[in-house]
Amino acid sequence: MGFAEDHLIPLVDEGLGNTAYLLDLGDGRALAVDAGRDLRALDAVARRRGLTVAYAADTHLHADFLSGAVQLAHDTGATVLASAAGQRAFPHRALGDGDEVGLGGLRLRVLATPGHTDEHLSFLLLDDGRELGVFTGGSLIVDSAARTDLLGAERTEELARAQYRSLHRLATLPEATAVWPTHGAGSFCSAPPGTERTSTIGAQKQTNPLLAAPDEDTFVRRLVASLGSYPAYFARLTEANRRGPAILTGTPPLPALDAGQVKALIADGGQVVDVRPAAEFAAGHIPGALSIPLREQFATWLGWLLPDTTPLVFVVGDGQDLAEVVWQAYKIGYERLSGHLAGGMPAWLEAGHPRATTAFVTADRVPARPYLDVRQETEYAAGHVPGALHLELGDLARHAADAPAGAVVACGHGERAMTAASLLERAGHTDVTVLDGGPADYAAAHGLRLDTVDAGTADGGAR
């Protein structure tokens, strides 16, 4: 078959910052690359185009999401294509460097590209020997390369050197070859994230600062210097993906629980996660609840702040989608979902249970108190309120004692700050105020100029 651009459908998970790909093979079959466990979008596209997924390729053992390859094998009979070195514990076609897979008129050629992980593969798509594009996973990504510290600090430099060799191998492909990475803008596997999600070999040779490094040592220094923090759950998912996620037969249930049942679950060690918007949480919430507003980044913060072993009960607001809560949790392996509070906060209050409130104010109404910035390091470096104390949200629970009394807690918009406030309230800081806005709003309201630190480019506060 001749390849056309509309044969390749990118499926972007904005929250995790990743792209899966569905390739229409032109004969009613399709190839899925790095599909996640939440297959709703992929399945919808396949149905719309009359496609059956015949192949499910994974470039590497993912740390930031559970793979959908095993589920696709169950649902459609897809052949799973993956690295032999990954030693996956489920049926798959084990591949190594130089292997080729026929897809009808097209072929995939396997390129070993270790660095992000040991067993990382890239898949070069060929049409009659012509290089169309390469699925690079977490190797060459737009204007960067994926992080190399997920296997421990003691292996970071070794893997960075492998990443150098892998990127330079990919750079020998024809310049017109499309680059189709998995990790991209917003992914904590990126180091640092870029803005575009796809590129070409030629463009990357012109714009990627890592490819522009004059030698391997400089490449390693640049890559390692760009590594920020990442969610705690990354440590668990690689092995879960090696074993293979459990097969699901539909959207898992999220039972309705009355206020008494929720109270009993809390007493038994369960955790309330309130997914309502920050303003609604501020106006009244169950004491001890963790605020994680339901948005694209919900899974990231759920996985960063809570263990997967804790039974979870959710408080949702009017119009919020229970299925979205479930799938965001399941796609990162959080399956101990006890249920949701039937009737929401009104039902809790009607049952006579107490509520807590949190001050949530705009910049012009913020009291003169210490300013606590909970954004990522790159965001803080790009512009922060003079004199602000900086504690990343992901580290806050361990350093709650360092938070000043009566602090104004702030992020880029207010969502993460409300999450931070809920963590601080659980630690005994009941006098915090959350800024409804970001540092620019605060500076404008108080006649200040933001300070900067020479520590790289900010990620814009998208999380």
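Predicted model: local features only at pLDDT ≥ 70, side-chain atom pairs only at ≥ 80, totals over all residues.
## Asp 34 and its surroundings

Asp 34 sits in the loop that runs between strand 3 (29-33) and helix 1 (40-48). With a relative accessible area of 2%, Asp 34 falls under the 20% cut-off and is therefore buried. Leaving aside residues up to four places away in sequence, Asp 34 touches Ala 20, Ala 57, Asp 58, Thr 59, His 60, His 62, Phe 65, Gly 137 and Thr 182.

Asp 24 is ten residues from Asp 34 in sequence, and the C-alpha atoms of the two are 15 Å apart in space.

## Aromatic pairs

A pair of aromatic rings is described by the distance of the centres and the angle of the planes. The count of aromatic pairs in the model comes to seven. One of the pairs is formed by Tyr 230 and Phe 234, with 5.5 Å from centre to centre and 20° between the planes. This pair is classed as stacked because its planes are under 30 degrees apart. The two residues are also described by their accessibility: Tyr 230 is partly exposed at 27%, whereas Phe 234 is buried at 5%.

Tyr 371 and Tyr 442 form an edge-to-face pair, with ring centres 4.9 Å apart and planes at 70°. Tyr 371 belongs to strand 22 (residues 371-373) and Tyr 442 to helix 15 (residues 439-446), so this pair ties together parts that are 71 residues apart in sequence. Tyr 371 is buried, its relative accessible area being 5%. Tyr 442 is buried as well, with a value of 9%. Elsewhere, Tyr 21, Phe 135 and Trp 180 make up one aromatic cluster.

## Salt bridges

Side chains of opposite charge can pair when their charged atoms come close. The structure holds 26 salt bridges. In one of them the side chains of Asp 27 and Arg 29 meet, with an N to O distance of 3.0 Å. Asp 27 has a relative accessible area of 44% and is partly exposed; Arg 29 is partly exposed too, at 25%.

The side chains of Arg 169 and Asp 97 form another salt bridge, at 2.8 Å from N to O. This pair links distant parts of the chain, 72 residues apart: Arg 169 is in helix 3 (residues 156-170), and Asp 97 is in the loop between strand 6 (93-95) and strand 7 (100-102). Arg 169 is partly exposed, with a relative accessible area of 33%. Asp 97 is likewise partly exposed, with 46%.

## A buried pair and a network

Key. Residues numbered from 1 in each chain as written. Heavy atoms only, no water. Helix = DSSP H or I, 4+ residues; strand = E, 2+ residues; numbered from the N terminus. Buried < 20%, exposed > 50% of the residue type's maximum accessible area, 1.4 Å probe, protein only. Contact = heavy atoms within 4.5 Å. Phe/Tyr/Trp six-rings, centres within 6.5 Å; stacked < 30°, edge-to-face > 60°. Salt bridge = Lys/Arg side-chain N within 4 Å of Asp/Glu carboxyl O.
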